Amino acid sequence: VCVDGTCADVGQCPQCSDFDGDEAGCVGGCHYCSSTECKPAEETCSGEIPTSVELETDDPELDLDLLETETILTVVVDGGIEGVLVTFSTSASGATLEAVEDGTRRRFSSVSTYSDVNGQAQAALTVTQPGDVVVAVEATGGCSSTVTVVVKGGMGIEGDPHLTSFNGVIFDVMGTPGKVFNLFSSPRLHVNGRFVSYPGDEATYVGEVGVRSRSSRIFLDTSGMLSADPYIPPNADGICEFPDGMTLSYVQNIVTVQLSPWIVILRRMQRLRSSDLYLDVSLRTLDG
């Protein structure tokens, strides 16, 4: 609410539907929160909303390289109008939205936020599978726009375990705890995973991963133990370069293996409300 012209809770200023105009410091109807300051809402927008995607390049395409990719969607309302309520929504599978200014950063299929002093409103789009993600943008007054984010292909294995194929099909494989399954095979590269289970949980997880080329082998388990055959010490950049062209890097909880045209990323994860660990696996081509 708005108290003496400031926001008691950022993002919780009264809106038209539930505001009676009698709150201290909030005379005049609809208000919104700008940082910690509660301001009257400005005029509504009209026409179309220019929509942009903030990426490292101008091309609105993402590489799904860590199973979960986030980008910021930015809209500009009517040449810089402040205080216009803007709603972002998507029905795309594997895509969620978050309000950038919302400290809780909870994920929804639809989020609303107000344009800032520059007329910009932003939402964070998170995607977990390849495909075209269409986000609809609407603002008070009826103006609207859409943006399509192209998420480049890749296959992934995450959680208990959920698999995403190169063409974006999602399916679950329970497997048998203790058994080794081939996750990916090509003439130059193979990726295998040993499934594990935990007490009180009927699901299985990937507990160990082996990556093998024609002459090199790499092994990672949930403890973080990483081994390679042959042993290659890292160079000054922290990268191990194998004779067959495969490279290996290990930064924090992420192991990256490259052997053209493939890149394999292994990430140590922790189960919710548990100390148990498992491995997520993603694989794509080096050119996306």
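Student: Is E208 buried, partly exposed or exposed?
Tutor: Keep in mind that this is a predicted model. Buried means under 20% relative accessible area, and exposed means over 50%. E208 has a relative accessible area of 25%.

Student: With which residue does E208 form a salt bridge?
Tutor: Side chains of opposite charge can pair when their charged atoms come close. Here the closest N and O atoms are 2.9 Å apart. A search of the whole structure finds one salt bridge. The partner of E208 is R194.

Student: How many residues apart in sequence are the parts that this pair ties together?
Tutor: R194 lies in strand β18, residues 190–198. E208 lies in strand β19. The pair therefore ties together parts separated in sequence by 14 residues.

Student: What is the relative accessibility of R194?
Tutor: R194 counts as partly exposed. Such a residue falls between the 20% and 50% limits. The value for R194 is 32%.

Student: Which strands stand at the edges of the open sheet of five strands?
Tutor: The order is β17-β18-β19-β20-β21, with antiparallel pairing. An edge strand pairs on one side only. The twist averages 25° from one strand to the next. The edge strands are β17 (180–185) and β21 (226–229).

Student: Which residue in β20 is the bridge partner of V209?
Tutor: Strand β19 covers residues 201–212, and β20 covers residues 217–221. Five bridges join these antiparallel strands. In β20, V209 has as its bridge partner L220.

Student: Where does the open sheet of eight strands have its edges?
Tutor: Read the order: β16-β15-β14-β26-β25-β24-β23-β22. The pairing is antiparallel. Each edge strand has a single partner, so one of its sides is left without a neighbour in the sheet. Those strands are β16 (170–172) and β22 (239–241).

Student: Which residue in β26 does G156 stand opposite?
Tutor: Strand β14 (residues 155–158) pairs with strand β26 (residues 277–285). They run in the antiparallel sense over three bridges. Opposite G156 stands S282.

Student: How many helices and strands are there in the chain?
Tutor: The chain has 288 residues, and 40% of them count as buried. Strands of a sheet pair through backbone hydrogen bonds, either parallel or antiparallel. The count for the chain is zero helices and 26 strands.

Terms used:
Residues numbered from 1 in each chain as written. Predicted model: local features only at pLDDT ≥ 70, side-chain atom pairs only at ≥ 80, totals over all residues. Heavy atoms only, no water. Pairing = 2+ DSSP bridges. Helix = DSSP H or I, 4+ residues; strand = E, 2+ residues; numbered from the N terminus. Axes fitted to C-alpha atoms, helices over the stretch in contact; angles between N-to-C directions. Buried < 20%, exposed > 50% of the residue type's maximum accessible area, 1.4 Å probe, protein only. Salt bridge = Lys/Arg side-chain N within 4 Å of Asp/Glu carboxyl O.
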